[in-house]
Protein chains: 2
Amino acid sequence: MTPKPSRGISRRVLVASAAVLPIALSLPISLSAQAQADPLPSWNEGAAKQAILAFVARVTQQGGPDFVPPAERIATFDNDGTLWCEHPMPVQLVFALDRVKALAPLHPQWKDAQPFKAVLDGDMKALAAAGEHGLMQLVMTAHAGMTTEEFARIVADWLATARDPRFKRPYTELVYQPMLELLAYLRASGFKTFVVSGGGIEFMRPWTERVYGIPPEQVVGSSIKTKFEFRRGIPILFRLPELNFNDDKEGKPVAINEYIGRRPIAAFGNSDGDLQMLQWTTMAGGVRFGLIVHHTDAEREYAYEQNGAFGNLDKALTAAAANNWTVVDMKRDWKVVFPFERH
Amino acid sequence: MTPKPSRGISRRVLVASAAVLPIALSLPISLSAQAQADPLPSWNEGAAKQAILAFVARVTQQGGPDFVPPAERIATFDNDGTLWCEHPMPVQLVFALDRVKALAPLHPQWKDAQPFKAVLDGDMKALAAAGEHGLMQLVMTAHAGMTTEEFARIVADWLATARDPRFKRPYTELVYQPMLELLAYLRASGFKTFVVSGGGIEFMRPWTERVYGIPPEQVVGSSIKTKFEFRRGIPILFRLPELNFNDDKEGKPVAINEYIGRRPIAAFGNSDGDLQMLQWTTMAGGVRFGLIVHHTDAEREYAYEQNGAFGNLDKALTAAAANNWTVVDMKRDWKVVFPFERH
């Protein structure tokens, strides 16, 4: 695509253009080389990379049979395990456990009450025994009972200091370099990129713009209810310990419809929690793209298909074959996994 | 703002630019006049117009004390009575009543059952007597029981043929020309414009892009629940007769936080249903802008402060004075009301 000359171009700009023209004309070779630079340098050559490039070429080819207008180029990305590391435990759960520990001095009774006791004792078996109800209690303790602004600050502060125990790095550095390139490549190709995650919408929004280039209004996720009220004459939104929406499995197409209101033409996930999003995106006629990140690299990241209560990769892998979705073999397809490997 | 030269500009474009340069250089006077043209030509000179221009100038002045980065320039607009005509009855209610009439042949029992009988008889008194419960029955009948795609088509088809009885025009032509100019002016000033309406999110999305330049993903509204399922091997979202979210009053800041995830710096409404959105937007420190459209023009549109069950203008008008919100006197401040008046 060639940039169209602006109708509103001013005399000053035209004069300036004329002045730099001789210099600009001397640059065509380097500019042309730049234009053809690999948009996915951290992807090894192979079927996955070729499938991405071929899809983008088809839907962006002006006048082509599969052309999709830019406004309809919606791409949705799962977060945990698709854009950043989710193993051995989703980052948001690490946050919840840390938060309970931080609040414990204010709640001496937690020493004898499950599931809090399990967290304080570091007893993962007892924690698992507390089941979904216990987990929900912890999540609500960590996520509710403050204003939305206070929560955003708590998340930002925690992320600034918390470190992944294996990689000894902030969690926001454990994002996948090839996926960052993919996000940027899609946006440069006229796509609008969205996160559609089972994770908490307000746990992600404080950092997705900085880390993924995805602004808050393009982040969809699970949420708890909030209440509008006045405190000392100031309007606030108070976070209530009550689930509003669970953005997982069948919830993902529902949320895509509710928050985005347009059907994606490309979707990216890594577990059965993303199955319905991939189905909704790709089984609608037209050229569509589905991709699953398969964690096959125990050395550089992790190799797993089971992630306990947090989502397995089973049905989605079977569906991938039937629906011609691209399956990324992390070990084979990714030249680097994390941005810091390039240093 | 001057357009920046593209880094990826090709030799071909540069050569083409050079070829048209002499012609372009002969146009500077008309182009310069165009650049300084009034961005709000349908607004009469006065306090309201000046307040808008002054606010935009302050928050967009690079290096100024009140500068707001483009990413944070979020502006939210109520729809009914703020962007399009809501009187004497919200358009969506007209749609619901028409839809009930269209479906009546399939439901012979409606002839004897309220609130349907009232609709079929055109008995507005009986309809009012059916109360909120009756109204909800009608709304669910008109809005649920089909897929999301079917509903979008039903809405589009209805809007293509329905005509406002007073103005004899499609409802999508009964939008306020000064507000269309305001939307365009804000976007040209780096704002992202959102609809935040008590109306149905899926009743608005089929046409907001064409009429307001606001894409579906920037429309927030009330919603019913949907269910993801397969029909004959095809994934669908089925619309259920169950309220999901009521985007009115206290619901507006809640929805702004949930859907947009950023606090607006400007909000526009016309009734008490918008009071909390205006409070949430403007009572947060920093230079903020609140505006209320006051319907004072019985001749060109309507003059009212009471709109029955559909929202009055009372508390919000009192709050406007206390909070320095701009109140638009439609009769005095708007040169034209509807786009067709210019013809």
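This is a predicted model: local features need pLDDT of at least 70, side-chain atom pairs count only at pLDDT 80 or more; totals for chains, interfaces and linings use all residues.
Are B:Phe55 and B:Phe289 buried or exposed? Both of these residues are buried.

Searching the whole structure gives 42 aromatic pairs over all chains. One of them is in chain A, where the ring centres of A:Phe55 and A:Phe191 are 6.1 Å apart and the ring planes stand at 55°, so the pair counts as tilted. Its two members come from distant parts of the chain, 136 residues apart: A:Phe55 belongs to helix α3 (residues 47-60), while A:Phe191 is in the loop between α9 (177-188) and β2 (192-200). A:Phe55 and A:Phe191 are buried.

In chain B, the pair from the opening question has ring centres 5.2 Å apart and planes at 25°; the cut-off for stacking is under 30 degrees, so B:Phe55 and B:Phe289 are stacked. Because B:Phe55 lies in helix α3 (residues 47-60) and B:Phe289 in strand β6 (residues 289-294), the pair ties together parts that are 234 residues apart in sequence.

Ring pairs also build a cluster that links A:Trp43, A:Phe167, A:Tyr176, A:Tyr302, A:Trp334, A:Phe338 and A:Phe340. In chain B, B:Arg169 lies over the face of B:Phe340, at 4.0 Å from the ring centre.

Another arginine, B:Arg99, is part of helix α4 (residues 91-103) of chain B. B:Arg99 is buried but has no salt bridge, and the nearest side chain of opposite charge, B:Glu150, is 7.9 Å away. Beyond its neighbours within four places in sequence, B:Arg99 is in contact with B:Ala142 and B:Ile154.

Definitions and conventions:
Residues are numbered from 1 along each chain as its sequence is written. Chains are lettered from A and ligands numbered from 1 in the order in which they are written. Side-chain values use heavy atoms; hydrogens and water are left out. Helices (H or I, at least four residues) and strands (E, at least two) are DSSP runs, numbered from the N terminus. Buried means under 20% relative accessible area, exposed over 50%, partly exposed in between (1.4 Å probe, protein chains only). Lys and Arg count as positive and Asp and Glu as negative; His and the chain ends are not counted. A salt bridge is a side-chain nitrogen of Lys or Arg within 4 Å of a carboxyl oxygen of Asp or Glu. Contact means heavy atoms within 4.5 Å. Rings of Phe, Tyr and Trp (its six-membered ring) pair if their centres lie within 6.5 Å; planes under 30 degrees apart count as stacked, over 60 as edge-to-face and the rest as tilted. A charge sits over a ring if NZ of Lys or CZ of Arg is within 6 Å of the ring centre and within 35 degrees of the ring normal.
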